[in-house]
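I opened this entry to keep track of what I look up, one topic at a time. Overall make-up comes before the details.

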Amino acid sequence: MKPLQTLVASAVETVYGPDVARGSPVQLIPTDRPEHGDYATNIAMQLARALKKAPLLIAQEIADELQKTPSDIIKRVAVAPPGYVNITLDDATLMSVIPSILNTKEAYGTGEDLKGKRIMIEFGHPNPFKVMHIGHLRNFCIGESLVRLLESQGAKLIRTNYQGDVGMHVAKNIWAFRKDLEKGTELSELSRRPIDERVRYLGERYVEGATAFEEDEQAKEEIMAVNAAIYTKSDALMNELWQLGISWSLEKFHEVYQRLDTRFDREYMESETVDRAHKAVEQALEKGILTKSDGAVIFDGSPYNLDTRVFLNGKGFLTYEGKELGLAQMEFSDFGTLDQCIHNVAVEQRSFFAVTFKVEELLWPDMAGKQYHNAYEFVGLKSGKMSSRKGSVVTAESILETAHTRIAQIVKENGMSSISDEDIDAIAVGAVKYSYLKMSPYKYLAFDLEASLSFKGDAGPYLQYTYARAKSVLSNQKVKKDGDSSYIMNPEERNAVALLERFPGVVVQAAREYSPQYIASYLNALAQAYNTFYAVHRIIGAKEGKEAEVFRLSLTSAIAQVLRNGLYWLGIPTVEKM
RNA sequence: GCGACUGUAGUUCAAUGGAUAGAAUGGAGGUUUGCGGAACCUCUGAUCCCAGUUCGACUCUGGGCAGUCGCACCA
């Protein structure tokens, strides 16, 4: 809380002078117990050494000074061993957060931490010809939330996606595709099938190709030849199959993006990077940044304590590393100047990005320090490892479908036939997204289908339910009267209001640390606080009288607004009824 | 072999170096039709091991142990 921060800081300055105050900025820690007030500061303990005084004594001196200072934001100051200063906010000041929320609406919680910054986030990265799996889903969830969180702090965000439309996975696919056509499948008939069937068809071809590649020497050679032909675009049929496969894949991808409520300003394709990449490799060779070794062009990472990686292979083809140099140029020029480019890519690419960033920095000093790899952790199955080669993947779509079916089932059981199919999907997507976002991106996720489809407790539907419940109460309200601030809150109400006041701080922290889980756990606490309050006190027709009813309605409205804002920053939709 | 990351209730996860380590789920028991029971309340139970730094350590440092990922022509 900003005004409080200033208040405490100036108290420290008054007592111990400007030098001491400058040396230790005041930290306000939101407390987790009502006995400790709303905020605590540990400043006394930090100053103890420099002042050569007992922390508790310092705390007392600061507390005394605070009590002398006239202020309408502090209700009570207390000291506690070993040297905390505990501050309880004035109830009227605290309550003023409610009108402030109702006035600022979706802007409540926004900040200016990144005002004026232009930031690109590259996320998603599904591969055409392959299916999206639970790993991609984690990427989309984190990426979308990050975009919205950084926007909340005033940055201009550019959303990009980078998709691998060339390389061995494509060659394996095209090889099997062509073989299947030779067996009599009609291309024109295939093209008329529904998108799901066409995509499934491609997925099956990939598994065929990948299996053949491993088990059959002759097939392996043929696939290598296909790879080369795709690169050089030398075979008309293969070009056609390639184009077709990409367009089918993208059609399906866009369907999923829409469902996930995500979008991109630009979808880069690996094949687009080639010309620029070749030139960049050339330049880097001239400057001695890259060198030749065994017929390949490599970056020798040893002077920088980095790995050595290949940019151009022995056959003169660009590797993924090489193409990244082409991509970087496009990303840094297509949308004007960037302050930062965040690559939301799984942790397995650490070495890859460390090396490509170094090469880019040496080649284009302007990019130095602007490239950032947001290395979120891997998603694995609770039981064993996924392999798209072997077809043993849990697809993104199967998760969403299962969630949808189950939500539909619950809706039916609860007799809520008025819920639209779109709303059911919003709940299903919310459940899946929340299950990803409530945990740190930087921890390995052992994916458990059942857990991710939990609709109770710390889950997306719980938050959406609380929102819908609040909206339902509001729609039943009859009185409409301006609240006056003389109302005295009971503990359940004060608890909820204190949480509302903390929200902006949580959003800043989540944005700074790229950690949506802070929003998630905050919202869970807020929903709990509201539901607990709801269970104990009646809102409409409150026994305590009109004043209580008016206050509770505005509290309900504020809670609904904050739930909605928080869910938005997680990338999760709300529904009015469920 | 080298490097990075991770080890917290039975399980899945939280915790800017701060107070009595929080949730959820599971299990056990409950909630006077009062605005939505997808809710609420009670009980149950954890920081991998050993040192160190600090007023104070899940968090920082060192050493073990365990797991995941990466380390030259795949993407």
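I counted secondary structure to begin with: chain A has 22 helices and 14 strands. The model is predicted, and I read every value below with that in mind. I then took the extent of the C-alpha trace, which spans about 85 × 65 × 40 Å along its principal axes. Of the 578 residues in chain A, 40% are buried. I also checked contact range. Among contacts in chain A with a separation of 6 or more, 74% are between residues 24 or more positions apart.

**Domains**

I looked up the division of chain A. Domain 1 covers 2-89, domain 2 covers 162-263 and domain 3 covers 396-570. I noted the spacing of two of these: the centres of domain 2 and domain 3 lie 43 Å apart, taken over C-alpha atoms.

**The five-stranded sheet**

I traced the strand order as β7-β6-β5-β11-β12; this sheet is open and its pairing is parallel. At the edges I found β7 (266-269) and β12 (371-376), each pairing on one side only. From one strand to the next the twist averages 25°.

I followed one pair in detail. Strand β6 (residues 156-163) and β7 run parallel and are joined by four bridges. T160 has R266 of β7 as its bridge partner.

Which helix packs on this sheet and touches β5, β6, β11 and β12? I found helix α7 (residues 134-152) there, in contact with β5 (118-122), β6, β11 (340-346) and β12. The direction of α7 makes about 155° with that of β11. I checked a further helix, α15 (residues 350-363), which lies across β11 and β12. Helix α15 runs at about 180° to β12.

**The three-stranded sheet**

I read the order here as β8-β9-β10, an open sheet with antiparallel pairing. Why does one side of β8 and of β10 have no neighbour in the sheet? Both β8 (291-293) and β10 (309-312) stand at the edges with a single partner strand each, so one side of each stays without a neighbour. The twist averages 50° from one strand to the next in this sheet.

T291 stands opposite I298 in β9.

Most residues other than glycine have a negative phi, and most peptide bonds are trans.

- P81 and P82 are joined by a cis peptide bond, with omega about 0°. I placed P82 in the loop between β3 (74-80) and β4 (84-89).
- K52 is not a glycine, yet has a positive phi of about 50°. K52 is in the loop between α3 (43-51) and α4 (55-68).
- I found N305 in the loop between β9 and β10. N305 is exposed, with 7 other C-beta atoms within 10 Å.

**Around the RNA**

I ended with RNA strand B. How many residues lie around RNA strand B, and which come nearest? I found 82 residues, of which A40, G167, N313, G457 and S472 come nearest. I sorted the residues of this surface by type: 35 are nonpolar, 31 polar and 16 charged.

Conventions:
Residues are numbered from 1 along each chain as its sequence is written. Chains are lettered from A and ligands numbered from 1 in the order in which they are written. This is a predicted model: local features need pLDDT of at least 70, side-chain atom pairs count only at pLDDT 80 or more; totals for chains, interfaces and linings use all residues. A residue is near a molecule or strand if its C-beta atom, placed from the backbone, lies within 6 Å of it. Ala, Val, Leu, Ile, Met, Phe, Trp, Tyr, Cys and Pro count as nonpolar, Asp, Glu, Lys and Arg as charged, and the others, Gly among them, as polar. Domain bounds come from an automatic or database domain assignment. Two strands pair if DSSP finds at least two bridges between them. Helices (H or I, at least four residues) and strands (E, at least two) are DSSP runs, numbered from the N terminus. Axes are lines fitted to C-alpha atoms, for helices over the stretch in contact, and angles run from 0 to 180 degrees between N-to-C directions. Two residues are in contact if their C-beta atoms, placed from the backbone, lie within 7 Å. A residue is buried if 20 or more other C-beta atoms lie within 10 Å of its own, exposed if 12 or fewer, and partly exposed in between; C-beta atoms are placed from the backbone.
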